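Here are my notes on the model, written as numbered points. Please read them with the structure open.

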There are 2 protein chains.
Amino acid sequence: MNVTLRGRTEHFRTVSFDAAKNSVQLIEQRLLPHEFKIIGTKNFRETARAITDMVVRGAGAIGATAAYGLAQGARAFRGRDLKKFSAQVELVFKTLAEARPTAVDPVNAMHDVRREMARGETVAEQQALALAAAEEFANEDARHCEEIGRHGAKLIRNGMKILTHCNAGWLAFVDTGSATAPMYAAQAQGKKFHVFCDETRPRSQGATLTAWELAQQNISHQIIADNAAGHLMQRGEIDLVIVGSDRVLGRTGEVANKIGTYTKAVLAARHKIPFYVAIPLSTIDWNLKRGFDIPIEDRHESEVLGAWGVTKAGRREYIRVANPTSGARNPGFDVTPAELITGIITPVGIFQPKELWNKLRR
Amino acid sequence: MNVTLRGRTEHFRTVSFDAAKNSVQLIEQRLLPHEFKIIGTKNFRETARAITDMVVRGAGAIGATAAYGLAQGARAFRGRDLKKFSAQVELVFKTLAEARPTAVDPVNAMHDVRREMARGETVAEQQALALAAAEEFANEDARHCEEIGRHGAKLIRNGMKILTHCNAGWLAFVDTGSATAPMYAAQAQGKKFHVFCDETRPRSQGATLTAWELAQQNISHQIIADNAAGHLMQRGEIDLVIVGSDRVLGRTGEVANKIGTYTKAVLAARHKIPFYVAIPLSTIDWNLKRGFDIPIEDRHESEVLGAWGVTKAGRREYIRVANPTSGARNPGFDVTPAELITGIITPVGIFQPKELWNKLRR
């Protein structure tokens, strides 16, 4: 999407590749929203570290990063010995797969790349195919998000007030995003609307990343405390909710997403406000039988006990907010049942959660 | 309640009076939870400033502070001229009433004190009566909270997990608190239970004040993000919710309280978890006809856009968390309808919200 720096507007992807330098180019997301910086990794190990250290995060974005990282590692090989080359590729694959062990996207993306590479007969051919496949993976991720936008934009009418939770924006994908895609598409169609961004404690991705994205795209928006959405719904100030998801169960239509999503769905149902979940098809899990079995990560309590930000003097600091002798409980995700979800916005159309199995199962 | 400082446990009230020094003694609440300090005001103007600057906050606590402040101002008068004395008392009353103009408690408390003073015939008698009346006001506030505890403790069974929101603890009253009173009483009865404190963004009173209180009283507790209660309820990890209130409508049973209370009530109703509101009778508004008419203060956006806390180096700092080019919407309170409330815990018993009018109206 567009980013305006010192008055100049330029288009960026979250992840891209500099073929001349054999370098993966990443938006350094840990500096956002306070600083915008592109970093280039020198080799596949640096790329793996960028995934581990959350320079880049979000399903689509880390998938593309791993795909590019595999091509980067393959292209760094010197020589024509296919056996040695394959051993090198294996090492690269393993290193990148271990960068964030619980994520499935990097592994899936790299499988795509390796399948394409197998069509080449020489090292040079396989190296070229690796980069082409990684580019295709990234392009496809961006295209899918655009399609989500095309379908989802129909839900947005002039004057609407839309609530979103956490960041399912272009920073989490290669471009455009999932939950934000309908907003960007509606804006391109000239529609006017207002977005409330849930702060999304404890990591505040709504207040930092989503708010930054919307500000860059000149979309009217305000950040609210996670406590405030219920009151705004009660007063008729929210017309539509769109969120993303980490995993949608194809069998049941249940949606796992950032902690707090379930709460917003319960409130929306009470107030008869449409609640939509926007996802690429790769987010659908066709195997798991019930949402209760989705593992809910208990994250470190320091996230709840304090906050990261910038002091008046401009230093980036963690501050302890909570009572120093108290601990915290910090579940990272929750599961929203299908009955609370109006529809799932996908690149191939909008479906009721219970329809996924019959209409989209491959 | 008890506070342990450097290994020594001592009983404190939020507000008390040092007659020898003619000084109102206050816990400096702005330093909590990072530092515990008692400050003494030198004169009624300093007492008024302590109310304005939120050294002391909470309905009962500022009521008692104003009552003591009036006695303090009256006792500072030198001479026997009743007319001059009355003029002085009038000035003190006005100064303290204007310290926090929207609050009703200071004015109500000072009316009580002035009514008692009127029984005296000399300046000295009125001065003595002023202090006695202020002490009686503070004692009564503490007694009411203890009665709330006595009734509310019956709701707490061994092994329960209790959710509370914001701070309706002893720091908001003279002692014991409202929402916390049943917990302190149940603990005194030897019951074991666990409390989840909602962080309560944007001002984090749950993470700071309530967590500090519970830690001081050795009550098992954890802070959670405001987003997490829904998930915990879904997994059967919350058995009871107790909150306080800023205003309960006697006619309808509607409850105004800190933003986010309504959300917790909606979630509790969905999960059939009892939801109680603990209040002294002075919190009941017998006049207002509907909750929609309760004015909801829109507070400064800086509260949502950042946080106060302590850096690793021990400095108290405000950090900006949110995107610097985004604004915020910050409603301070919300209104929970009677249908979502299991009961109102008062000093004279537990009532269904719709019963207040018939059973308690004076």
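**Notes on the predicted model**

1. As for its place in the chain, His144(A) belongs to helix H5 of chain A, which covers residues 123-152. Ile279(A) is 135 residues away from His144(A) in sequence, yet the two C-alpha atoms are 9.0 Å apart in space.

2. Strand S1 (residues 2-5) and strand S2 (residues 8-11) of chain A run antiparallel and are joined by four bridges. Within this pair, Val3(A) of the chain faces Glu10(A) in S2(A).

3. What links the two strands? S1(A) and S2(A) make a hairpin, with two residues between them. Arg6(A) sits in the turn and has a positive phi of about 45°. On strands in general, side chains alternate between the two faces of the sheet when the strand is regular.

4. Chain A can be superposed on chain B with an RMSD of 0.1 Å, using a turn of 180° and a shift of 0.0 Å along the axis. The two copies are therefore related as by a two-fold rotation axis.

5. Which residue of chain A comes closest to the rotation axis? Asp226(A) does, with its C-alpha at 3.3 Å.

6. On the interface, 100% of the interface residues of chain A are interface residues in chain B too, so the copies meet through the same surface.

Definitions and conventions
Residues are numbered from 1 along each chain as its sequence is written. Chains are lettered from A and ligands numbered from 1 in the order in which they are written. This is a predicted model: local features need pLDDT of at least 70, side-chain atom pairs count only at pLDDT 80 or more; totals for chains, interfaces and linings use all residues. Side-chain values use heavy atoms; hydrogens and water are left out. Two strands pair if DSSP finds at least two bridges between them. Copies are superposed by least squares on the C-alpha atoms of residues with pLDDT of at least 70 in both. Contact means heavy atoms within 4.5 Å.
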